[in-house]
Amino acid sequence: MARVVVDVMLKPEILDPQGQAVQRALPRLGFDGISDVRQGKRFELEVDGPVDEAALARIHDLAESFLANTVIEDFTIRVEEVAEAVK
């Protein structure tokens with residue numbers, strides 16, 4: 001079993017009001033030195049079977065058509081191996 005992670009972020013040219021609100025609050029909370037904050041979404045997909053080129057192509061189609069609004073968002077896909085729990 002593998003985990004495929006899809007990270008979705010607003011494109012750099014798109015205003016991020018939530019990220020700006022967090023960035024403005026940080027100095028008041030004692031966190032200085034942060035010049036920018038961008039907020040995004042993370043999707044973790046547990047995949048049965050091998051994550052081959054065909055599976056990644058299907059996940060790319062899923063991300064492009066359902067998880068991200070590609071007019072205003074970019075996405076990246078990466079594979080993380082899932083360690084099985086020992087019983």
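Is Leu56 buried, partly exposed or exposed? I looked it up to open the notebook: Leu56 counts as partly exposed, at 30% relative accessibility. The scale I use is buried for under 20% relative accessible area, exposed for over 50%, and partly exposed in between, with a 1.4 Å probe and protein chains only.

**Ground rules**

I am working on a predicted model, where local features need pLDDT of at least 70, side-chain atom pairs count only at pLDDT 80 or more, and totals for chains, interfaces and linings use all residues. Residues are numbered from 1 along each chain as its sequence is written, and side-chain values use heavy atoms, with hydrogens and water left out.

**Entry 1: helix 2**

I stayed with Leu56, which lies in helix 2. My helices (H or I, at least four residues) and strands (E, at least two) are DSSP runs, numbered from the N terminus. Leaving aside neighbours within four places in sequence, I found Leu56 in contact with Val51, Ile77 and Val79; contact here means heavy atoms within 4.5 Å. I also checked Leu56 against Arg78: they are 22 residues apart in sequence, and 9.1 Å apart in space from C-alpha to C-alpha.

Next I asked which residues of helix 2 (residues 53-67) are buried. They are Ala55, Ile59, Ala63 and Leu67. These residues cover an arc of only 80° around the axis, which puts them on the same side of helix 2. The arc is taken from the directions from the helix axis to the C-beta atoms. On the face turned away from that buried side I noted the exposed residues Glu53, Ala54, Arg58 and Ser65. The cover over the buried residues includes strand 1 (2-10), strand 2 (40-47) and strand 3 (73-81).

**Entry 2: the core**

Which residues make up the largest nonpolar core? I listed nine: Val4, Val6, Val8, Val47, Ile59, Ala63, Leu67, Ala68 and Phe75. Strand 1 and helix 2 are the elements that give two or more residues to this core. By definition such a core is a set of buried Ala, Val, Leu, Ile, Met, Phe, Trp, Tyr and Cys residues joined through side-chain atoms within 4.5 Å. As background, nonpolar side chains in soluble globular proteins tend to be buried together.

Val4 is found in strand 1 and is buried, with a relative accessible area of 0%. Not counting residues up to four places away in sequence, Val4 touches Phe43, Glu44, Leu45, Val47, Val51, Ile59, Ile77, Arg78 and Val79.

I put Val8 and Ile72 at 10 Å, C-alpha to C-alpha, and 64 residues apart in sequence.

**Entry 3: salt bridges**

How many salt bridges are there? I count eight, taking a salt bridge as a side-chain nitrogen of Lys or Arg within 4 Å of a carboxyl oxygen of Asp or Glu.

I looked up three of them:

- Asp7 pairs with Arg78, the closest N and O atoms being 2.4 Å apart. Asp7 is in strand 1 and Arg78 in strand 3, 71 residues apart. Arg78 counts as partly exposed, at 33% relative accessibility.
- Lys41 pairs with Glu73, with the closest N and O atoms 3.3 Å apart. Lys41 lies in strand 2 and Glu73 in strand 3, so this pair ties together parts 32 residues apart in sequence. Lys41 is partly exposed at 36%, whereas Glu73 is buried at 11%.
- Glu80 pairs with Arg42, with the closest N and O atoms 3.7 Å apart. Glu80 is in strand 3 and Arg42 in strand 2, 38 residues apart. Glu80 is partly exposed at 23%, and Arg42 is partly exposed at 43%.

I also noted a network of salt bridges that links Arg3, Asp7, Arg42, Glu44, Glu46, Arg78 and Glu80.
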